[in-house]
Amino acid sequence: MKVLVVGSGGREHALVWKLMQSPKVDKIYCAPGNPGIGRLAELIDLQVDDIGGLCSFAKEKEIDLTVVGPEVPLVMGIADRFEEEGLRIFAPNRACAQLEGSKAFAKEFMMRHQIPTAKYIECTDVEAARKALGIYGYPMVIKADGLAAGKGVVIAERQEDALKALEEIMEAKVFGAAGNKIVIEEFLTGIEASVLCFVDGATIKPMVSAQDYKKIFDKDKGPNTGGMGTYSPSHVYDSGLESFVEERILRSIMEGFRKDGLDFKGILFIGLMLTEDGPKVLEFNTRFGDPETQVILTRLETDLIAIMESILENKLEEQEILWCEQKTVCVVIAAGGYPNAYEKGRVISGLDKVDADVVAFHAGTKAHEGQVVTNGGRVLGVTAWGDTVEAAREKAYANVEKIHFEGMYFRKDIGKQL
(Lines give C-alpha, C1' and ligand atoms only; values in the text may rest on other atoms or scores of the structure.)
Protein backbone atom coordinates (compact mmCIF):
# COMPACT_ATOMS: atom_id res chain seq x y z
CA MET A 1 0.00 0.00 0.00
CA LYS A 2 0.87 3.64 -0.54
CA VAL A 3 -0.26 5.80 2.38
CA LEU A 4 -0.55 9.59 2.67
CA VAL A 5 -0.48 11.11 6.17
CA VAL A 6 -1.70 14.70 6.49
CA GLY A 7 -0.08 16.86 9.17
CA SER A 8 3.26 17.98 10.57
CA GLY A 9 3.27 17.51 14.34
CA GLY A 10 4.14 14.99 17.02
CA ARG A 11 0.88 13.15 16.50
CA GLU A 12 1.64 12.70 12.80
CA HIS A 13 5.20 11.55 13.56
CA ALA A 14 3.72 8.89 15.88
CA LEU A 15 1.18 7.89 13.22
CA VAL A 16 3.87 7.52 10.54
CA TRP A 17 6.10 5.62 12.99
CA LYS A 18 3.28 3.16 13.70
CA LEU A 19 2.04 2.84 10.11
CA MET A 20 5.60 2.06 8.94
CA GLN A 21 5.46 -1.10 11.07
CA SER A 22 2.57 -2.53 9.04
CA PRO A 23 3.51 -5.32 6.62
CA LYS A 24 0.81 -3.92 4.33
CA VAL A 25 2.63 -0.61 3.82
CA ASP A 26 5.28 -0.10 1.13
CA LYS A 27 5.50 3.68 1.00
CA ILE A 28 4.37 6.62 3.13
CA TYR A 29 4.09 10.22 2.03
CA CYS A 30 3.49 13.01 4.55
CA ALA A 31 2.18 16.50 3.82
CA PRO A 32 3.85 18.68 4.93
CA GLY A 33 5.63 16.61 7.63
CA ASN A 34 8.75 17.59 9.58
CA PRO A 35 12.42 16.47 9.76
CA GLY A 36 11.65 13.57 12.13
CA ILE A 37 8.90 12.29 9.84
CA GLY A 38 11.25 12.83 6.89
CA ARG A 39 13.46 9.99 8.17
CA LEU A 40 10.53 7.59 7.68
CA ALA A 41 8.42 9.04 4.89
CA GLU A 42 8.70 11.20 1.77
CA LEU A 43 7.72 14.78 2.61
CA ILE A 44 5.31 16.61 0.30
CA ASP A 45 5.14 20.40 0.20
CA LEU A 46 1.38 20.70 0.67
CA GLN A 47 -0.35 22.37 3.61
CA VAL A 48 -3.07 20.62 5.63
CA ASP A 49 -5.78 23.05 4.49
CA ASP A 50 -4.99 22.61 0.77
CA ILE A 51 -7.78 20.08 0.26
CA GLY A 52 -7.70 20.36 -3.54
CA GLY A 53 -3.93 19.91 -3.69
CA LEU A 54 -4.01 16.91 -1.34
CA CYS A 55 -6.81 15.33 -3.34
CA SER A 56 -4.94 15.83 -6.63
CA PHE A 57 -1.76 14.37 -5.13
CA ALA A 58 -3.62 11.30 -3.83
CA LYS A 59 -5.10 10.70 -7.30
CA GLU A 60 -1.81 11.29 -9.11
CA LYS A 61 0.18 8.93 -6.85
CA GLU A 62 -2.68 6.40 -6.61
CA ILE A 63 -2.66 6.58 -2.82
CA ASP A 64 -4.42 3.59 -1.26
CA LEU A 65 -5.23 5.27 2.05
CA THR A 66 -5.02 8.83 3.38
CA VAL A 67 -4.80 9.31 7.15
CA VAL A 68 -5.60 12.77 8.54
CA GLY A 69 -3.93 13.98 11.74
CA PRO A 70 -5.04 17.56 12.56
CA GLU A 71 -8.52 18.98 13.03
CA VAL A 72 -8.52 21.82 10.49
CA PRO A 73 -8.88 19.68 7.32
CA LEU A 74 -11.49 17.50 9.09
CA VAL A 75 -13.70 20.50 9.84
CA MET A 76 -13.12 21.76 6.27
CA GLY A 77 -14.58 18.50 4.95
CA ILE A 78 -11.53 16.68 3.57
CA ALA A 79 -13.24 13.30 4.05
CA ASP A 80 -16.28 14.38 2.03
CA ARG A 81 -14.09 15.67 -0.82
CA PHE A 82 -11.92 12.54 -0.97
CA GLU A 83 -14.94 10.23 -0.90
CA GLU A 84 -16.56 12.23 -3.72
CA GLU A 85 -13.40 11.57 -5.74
CA GLY A 86 -13.47 7.84 -4.94
CA LEU A 87 -10.40 8.02 -2.66
CA ARG A 88 -10.11 6.03 0.57
CA ILE A 89 -9.56 8.23 3.61
CA PHE A 90 -9.45 7.53 7.32
CA ALA A 91 -11.22 10.57 8.76
CA PRO A 92 -14.71 11.51 9.95
CA ASN A 93 -16.83 13.54 7.57
CA ARG A 94 -17.60 17.25 7.94
CA ALA A 95 -20.87 16.69 9.82
CA CYS A 96 -19.17 14.48 12.43
CA ALA A 97 -16.15 16.79 12.69
CA GLN A 98 -18.49 19.50 14.03
CA LEU A 99 -18.25 17.70 17.37
CA GLU A 100 -14.80 19.28 17.53
CA GLY A 101 -15.30 22.23 15.21
CA SER A 102 -18.06 23.78 17.32
CA LYS A 103 -18.16 23.69 21.12
CA ALA A 104 -21.85 24.67 20.99
CA PHE A 105 -22.66 21.80 18.58
CA ALA A 106 -20.90 19.36 20.92
CA LYS A 107 -22.70 20.66 24.03
CA GLU A 108 -26.06 20.48 22.25
CA PHE A 109 -25.30 16.88 21.25
CA MET A 110 -24.39 15.97 24.84
CA MET A 111 -27.48 17.61 26.31
CA ARG A 112 -29.77 16.04 23.72
CA HIS A 113 -28.49 12.54 24.45
CA GLN A 114 -28.11 12.84 28.25
CA ILE A 115 -24.33 12.58 28.21
CA PRO A 116 -22.94 13.90 31.54
CA THR A 117 -21.36 17.33 31.02
CA ALA A 118 -21.09 20.77 32.62
CA LYS A 119 -24.03 23.20 32.54
CA TYR A 120 -23.59 25.87 29.85
CA ILE A 121 -25.02 28.69 27.81
CA GLU A 122 -23.89 29.99 24.42
CA CYS A 123 -23.59 33.64 23.37
CA THR A 124 -23.06 35.34 20.03
CA ASP A 125 -23.39 38.88 21.42
CA VAL A 126 -20.70 40.30 23.70
CA GLU A 127 -23.19 42.31 25.77
CA ALA A 128 -25.28 39.20 26.42
CA ALA A 129 -22.08 37.38 27.36
CA ARG A 130 -21.13 40.13 29.84
CA LYS A 131 -24.54 39.86 31.49
CA ALA A 132 -24.09 36.08 31.79
CA LEU A 133 -20.79 36.34 33.64
CA GLY A 134 -20.91 34.64 37.02
CA ILE A 135 -24.08 32.73 36.17
CA TYR A 136 -22.38 29.58 37.50
CA GLY A 137 -20.17 31.41 40.00
CA TYR A 138 -16.37 31.62 39.85
CA PRO A 139 -14.10 30.22 38.63
CA MET A 140 -15.95 30.01 35.32
CA VAL A 141 -15.04 28.60 31.93
CA ILE A 142 -15.20 30.59 28.70
CA LYS A 143 -14.65 28.77 25.40
CA ALA A 144 -14.32 30.09 21.86
CA ASP A 145 -16.84 28.09 19.86
CA GLY A 146 -14.58 27.26 16.91
CA LEU A 147 -11.10 25.81 16.45
CA ALA A 148 -8.36 27.61 18.38
CA ALA A 149 -5.41 25.18 18.27
CA GLY A 150 -6.18 23.89 21.75
CA LYS A 151 -5.91 27.36 23.30
CA GLY A 152 -9.48 28.72 23.09
CA VAL A 153 -10.44 27.87 26.69
CA VAL A 154 -10.09 30.39 29.51
CA ILE A 155 -10.68 29.60 33.18
CA ALA A 156 -11.60 32.95 34.73
CA GLU A 157 -10.99 33.15 38.48
CA ARG A 158 -12.66 36.57 38.88
CA GLN A 159 -15.01 38.86 36.96
CA GLU A 160 -12.07 40.99 35.76
CA ASP A 161 -10.49 37.88 34.19
CA ALA A 162 -13.80 36.95 32.54
CA LEU A 163 -14.29 40.46 31.10
CA LYS A 164 -10.75 40.43 29.72
CA ALA A 165 -11.37 37.00 28.13
CA LEU A 166 -14.57 38.25 26.46
CA GLU A 167 -12.74 41.29 25.09
CA GLU A 168 -9.93 39.17 23.68
CA ILE A 169 -12.11 36.40 22.23
CA MET A 170 -15.21 38.28 21.01
CA GLU A 171 -13.90 41.80 20.30
CA ALA A 172 -10.15 41.59 19.63
CA LYS A 173 -10.74 38.20 17.90
CA VAL A 174 -7.46 36.69 19.15
CA PHE A 175 -8.78 33.35 17.84
CA GLY A 176 -10.31 34.82 14.69
CA ALA A 177 -13.76 33.65 13.62
CA ALA A 178 -13.61 30.93 16.31
CA GLY A 179 -14.66 33.66 18.74
CA ASN A 180 -17.82 34.75 16.90
CA LYS A 181 -19.69 32.59 19.37
CA ILE A 182 -18.66 31.55 22.87
CA VAL A 183 -19.75 28.91 25.34
CA ILE A 184 -19.86 29.81 29.05
CA GLU A 185 -19.69 26.74 31.31
CA GLU A 186 -19.75 25.92 34.98
CA PHE A 187 -16.28 25.10 36.29
CA LEU A 188 -15.82 21.42 37.09
CA THR A 189 -13.43 20.32 39.82
CA GLY A 190 -11.62 17.01 39.63
CA ILE A 191 -8.96 15.13 37.70
CA GLU A 192 -8.84 15.17 33.90
CA ALA A 193 -8.57 11.97 31.88
CA SER A 194 -8.71 11.18 28.19
CA VAL A 195 -10.30 8.29 26.34
CA LEU A 196 -9.54 7.74 22.66
CA CYS A 197 -11.82 5.39 20.76
CA PHE A 198 -11.93 3.66 17.42
CA VAL A 199 -15.42 4.14 15.89
CA ASP A 200 -17.02 2.70 12.76
CA GLY A 201 -20.60 3.96 12.97
CA ALA A 202 -21.95 0.84 14.67
CA THR A 203 -19.15 -0.04 17.10
CA ILE A 204 -16.98 1.95 19.50
CA LYS A 205 -13.81 0.45 21.00
CA PRO A 206 -11.87 2.47 23.59
CA MET A 207 -8.09 2.43 23.47
CA VAL A 208 -5.87 2.17 26.53
CA SER A 209 -6.16 5.18 28.84
CA ALA A 210 -3.83 8.17 28.90
CA GLN A 211 -3.33 11.10 31.25
CA ASP A 212 -2.57 14.52 29.77
CA TYR A 213 -1.02 17.59 31.43
CA LYS A 214 -2.57 20.72 29.96
CA LYS A 215 -1.05 23.49 32.11
CA ILE A 216 2.33 24.98 31.24
CA PHE A 217 3.90 24.80 34.72
CA ASP A 218 4.55 22.02 37.24
CA LYS A 219 1.73 21.09 39.65
CA ASP A 220 -0.77 22.16 36.97
CA LYS A 221 -0.18 25.89 37.28
CA GLY A 222 -0.40 28.59 34.64
CA PRO A 223 -2.30 28.86 31.34
CA ASN A 224 -3.55 25.96 29.25
CA THR A 225 -1.44 24.58 26.42
CA GLY A 226 -1.94 21.98 23.72
CA GLY A 227 -0.46 19.46 26.20
CA MET A 228 2.91 19.36 28.00
CA GLY A 229 3.16 15.60 28.34
CA THR A 230 1.22 12.44 28.97
CA TYR A 231 1.51 8.88 30.19
CA SER A 232 -0.35 5.59 29.71
CA PRO A 233 -2.15 3.95 31.39
CA SER A 234 -3.68 6.63 33.62
CA HIS A 235 -3.28 6.09 37.36
CA VAL A 236 -6.89 7.17 37.90
CA TYR A 237 -8.60 5.26 35.08
CA ASP A 238 -9.43 2.04 36.93
CA SER A 239 -11.77 -0.78 35.91
CA GLY A 240 -14.75 0.76 37.74
CA LEU A 241 -14.32 4.03 35.91
CA GLU A 242 -13.80 2.19 32.63
CA SER A 243 -17.12 0.35 33.09
CA PHE A 244 -18.97 3.58 33.96
CA VAL A 245 -17.60 5.36 30.89
CA GLU A 246 -18.53 2.48 28.58
CA GLU A 247 -22.05 2.11 30.00
CA ARG A 248 -22.97 5.73 30.64
CA ILE A 249 -20.97 7.68 28.07
CA LEU A 250 -19.82 5.54 25.12
CA ARG A 251 -23.18 3.82 24.75
CA SER A 252 -25.00 7.18 24.87
CA ILE A 253 -22.63 8.62 22.26
CA MET A 254 -23.28 5.76 19.84
CA GLU A 255 -27.02 6.00 20.41
CA GLY A 256 -26.74 9.74 19.74
CA PHE A 257 -24.91 9.10 16.48
CA ARG A 258 -27.67 6.75 15.34
CA LYS A 259 -30.48 9.13 16.30
CA ASP A 260 -28.79 12.14 14.69
CA GLY A 261 -27.78 10.28 11.53
CA LEU A 262 -24.06 10.85 12.12
CA ASP A 263 -22.08 8.13 10.34
CA PHE A 264 -18.91 8.52 12.39
CA LYS A 265 -15.87 6.64 11.09
CA GLY A 266 -12.49 7.34 12.61
CA ILE A 267 -11.13 8.40 15.99
CA LEU A 268 -13.20 9.96 18.74
CA PHE A 269 -11.28 11.60 21.58
CA ILE A 270 -13.28 12.17 24.77
CA GLY A 271 -11.91 14.58 27.36
CA LEU A 272 -13.29 13.79 30.83
CA MET A 273 -13.33 15.50 34.19
CA LEU A 274 -13.57 13.00 37.04
CA THR A 275 -15.75 14.92 39.49
CA GLU A 276 -17.26 13.96 42.85
CA ASP A 277 -20.53 13.46 40.95
CA GLY A 278 -18.90 11.07 38.48
CA PRO A 279 -17.17 11.52 35.12
CA LYS A 280 -18.37 14.37 32.91
CA VAL A 281 -17.41 15.07 29.31
CA LEU A 282 -15.38 18.26 28.81
CA GLU A 283 -14.89 18.05 25.06
CA PHE A 284 -14.77 15.91 21.96
CA ASN A 285 -11.98 15.79 19.41
CA THR A 286 -12.57 13.93 16.17
CA ARG A 287 -8.98 12.74 15.68
CA PHE A 288 -6.02 11.38 17.60
CA GLY A 289 -5.00 13.63 20.49
CA ASP A 290 -1.57 15.20 20.80
CA PRO A 291 0.43 14.20 22.86
CA GLU A 292 -1.83 11.26 23.85
CA THR A 293 -1.14 9.54 20.52
CA GLN A 294 2.55 9.34 21.35
CA VAL A 295 1.92 7.17 24.43
CA ILE A 296 -1.04 5.19 23.06
CA LEU A 297 0.24 4.13 19.63
CA THR A 298 3.57 3.13 21.19
CA ARG A 299 1.60 0.54 23.21
CA LEU A 300 -0.48 -0.76 20.27
CA GLU A 301 0.48 -4.26 19.16
CA THR A 302 -2.18 -4.76 16.46
CA ASP A 303 -1.48 -3.53 12.91
CA LEU A 304 -2.92 0.00 12.75
CA ILE A 305 -3.70 -0.37 9.04
CA ALA A 306 -5.79 -3.47 9.79
CA ILE A 307 -7.77 -1.50 12.38
CA MET A 308 -8.32 1.42 10.01
CA GLU A 309 -9.46 -0.89 7.22
CA SER A 310 -11.89 -2.65 9.58
CA ILE A 311 -13.43 0.74 10.40
CA LEU A 312 -13.79 1.75 6.75
CA GLU A 313 -15.43 -1.62 6.01
CA ASN A 314 -17.75 -1.47 9.09
CA LYS A 315 -16.05 -4.52 10.59
CA LEU A 316 -14.56 -2.99 13.73
CA GLU A 317 -16.62 -5.30 15.94
CA GLU A 318 -14.74 -8.30 14.47
CA GLN A 319 -11.29 -6.69 14.76
CA GLU A 320 -9.15 -7.81 17.71
CA ILE A 321 -7.04 -5.01 19.20
CA LEU A 322 -4.06 -5.90 21.41
CA TRP A 323 -1.96 -3.65 23.65
CA CYS A 324 1.42 -4.24 25.27
CA GLU A 325 1.68 -4.37 29.06
CA GLN A 326 4.54 -1.87 29.19
CA LYS A 327 3.80 1.67 30.33
CA THR A 328 4.73 4.77 28.33
CA VAL A 329 5.57 8.39 29.19
CA CYS A 330 5.93 11.35 26.81
CA VAL A 331 7.60 14.57 27.97
CA VAL A 332 7.02 17.58 25.73
CA ILE A 333 9.92 19.98 25.24
CA ALA A 334 8.58 23.45 24.43
CA ALA A 335 10.03 26.72 23.25
CA GLY A 336 10.57 29.31 25.98
CA GLY A 337 7.56 31.61 26.27
CA TYR A 338 5.03 29.06 25.01
CA PRO A 339 1.98 29.13 25.05
CA ASN A 340 2.46 32.89 24.55
CA ALA A 341 5.00 34.48 22.23
CA TYR A 342 8.08 32.36 21.54
CA GLU A 343 11.02 32.39 19.15
CA LYS A 344 11.62 29.98 16.29
CA GLY A 345 14.79 28.94 14.51
CA ARG A 346 16.79 27.75 17.54
CA VAL A 347 19.23 24.99 16.62
CA ILE A 348 18.45 21.66 18.32
CA SER A 349 21.37 19.50 19.43
CA GLY A 350 21.57 16.04 21.00
CA LEU A 351 18.91 14.27 18.95
CA ASP A 352 21.56 11.80 17.80
CA LYS A 353 22.29 10.93 21.45
CA VAL A 354 18.75 9.71 22.26
CA ASP A 355 18.66 6.03 23.30
CA ALA A 356 17.73 3.51 20.62
CA ASP A 357 14.72 2.33 22.66
CA VAL A 358 13.38 5.89 23.13
CA VAL A 359 11.62 7.97 20.46
CA ALA A 360 11.90 11.75 20.20
CA PHE A 361 8.78 12.54 18.20
CA HIS A 362 9.19 15.79 16.28
CA ALA A 363 6.40 18.35 16.65
CA GLY A 364 7.51 21.93 15.95
CA THR A 365 10.74 21.40 13.99
CA LYS A 366 12.08 22.13 10.52
CA ALA A 367 15.28 21.60 8.58
CA HIS A 368 17.47 24.67 8.01
CA GLU A 369 20.93 24.67 6.43
CA GLY A 370 21.56 21.05 7.34
CA GLN A 371 20.40 21.40 10.92
CA VAL A 372 17.14 20.77 12.77
CA VAL A 373 15.71 23.95 14.27
CA THR A 374 12.66 24.86 16.34
CA ASN A 375 9.54 25.81 14.40
CA GLY A 376 6.70 25.73 16.91
CA GLY A 377 5.66 26.08 20.53
CA ARG A 378 5.77 22.39 21.32
CA VAL A 379 9.00 21.21 19.74
CA LEU A 380 9.58 17.55 20.68
CA GLY A 381 7.83 14.74 22.56
CA VAL A 382 10.38 12.42 24.16
CA THR A 383 8.64 9.05 24.63
CA ALA A 384 9.90 6.05 26.60
CA TRP A 385 8.65 2.61 27.67
CA GLY A 386 9.04 0.90 31.04
CA ASP A 387 7.62 -1.90 33.17
CA THR A 388 6.18 0.82 35.41
CA VAL A 389 5.18 4.43 34.76
CA GLU A 390 8.03 5.53 37.04
CA ALA A 391 10.59 3.50 35.05
CA ALA A 392 9.30 4.96 31.77
CA ARG A 393 9.34 8.41 33.33
CA GLU A 394 12.97 8.12 34.46
CA LYS A 395 14.04 6.95 31.00
CA ALA A 396 12.13 9.76 29.26
CA TYR A 397 13.67 12.46 31.46
CA ALA A 398 17.16 10.97 31.14
CA ASN A 399 16.83 11.45 27.39
CA VAL A 400 15.27 14.91 27.62
CA GLU A 401 18.53 15.93 29.35
CA LYS A 402 20.50 14.89 26.24
CA ILE A 403 18.66 17.39 24.04
CA HIS A 404 19.33 21.13 23.99
CA PHE A 405 18.22 24.31 22.30
CA GLU A 406 18.26 27.88 23.54
CA GLY A 407 15.27 28.67 25.76
CA MET A 408 13.93 25.10 25.91
CA TYR A 409 11.37 24.38 28.61
CA PHE A 410 9.66 21.25 29.94
CA ARG A 411 7.60 20.25 32.95
CA LYS A 412 9.41 18.13 35.55
CA ASP A 413 6.35 16.24 36.86
CA ILE A 414 5.00 14.33 33.85
CA GLY A 415 3.98 10.82 34.96
CA LYS A 416 3.43 11.86 38.57
CA GLN A 417 0.03 11.98 40.23
CA LEU A 418 -0.96 15.58 40.90
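User: What do the values rest on?
Analyst: This is a predicted model in which local features need pLDDT of at least 70 and side-chain atom pairs count only at pLDDT 80 or more, while totals for chains, interfaces and linings use all residues. Residues are numbered from 1 along each chain as its sequence is written, and side-chain values use heavy atoms, with hydrogens and water left out.

User: Why is N399 called buried?
Analyst: Buried means under 20% relative accessible area (exposed is over 50%, partly exposed in between; 1.4 Å probe, protein chains only). N399 has 0% relative accessibility, so N399 counts as buried.

User: What is N399 in contact with, leaving aside neighbours within four places in sequence?
Analyst: Contact means heavy atoms within 4.5 Å. On that basis N399 is in contact with K353, V354, D355, V358 and V382.

User: Why are α1 and α12 called roughly perpendicular?
Analyst: Axes are lines fitted to C-alpha atoms, for helices over the stretch in contact, and angles run from 0 to 180 degrees between N-to-C directions. Under 35 degrees is roughly parallel, over 145 roughly antiparallel, 65 to 115 roughly perpendicular, and the rest oblique. The axes of α1 and α12 cross at roughly 100 degrees and come within 8 Å, so the two helices are roughly perpendicular to each other.

User: Which residues make that contact?
Analyst: L15, K18 and L19 of α1 meet L304, I305 and M308 of α12.

User: Which residues touch the most other members of the largest nonpolar core?
Analyst: V3, L19, V67 and F198 do, among 35 residues. A nonpolar core is a set of buried Ala, Val, Leu, Ile, Met, Phe, Trp, Tyr and Cys residues joined through side-chain atoms within 4.5 Å.

Conventions: Helices (H or I, at least four residues) and strands (E, at least two) are DSSP runs, numbered from the N terminus.
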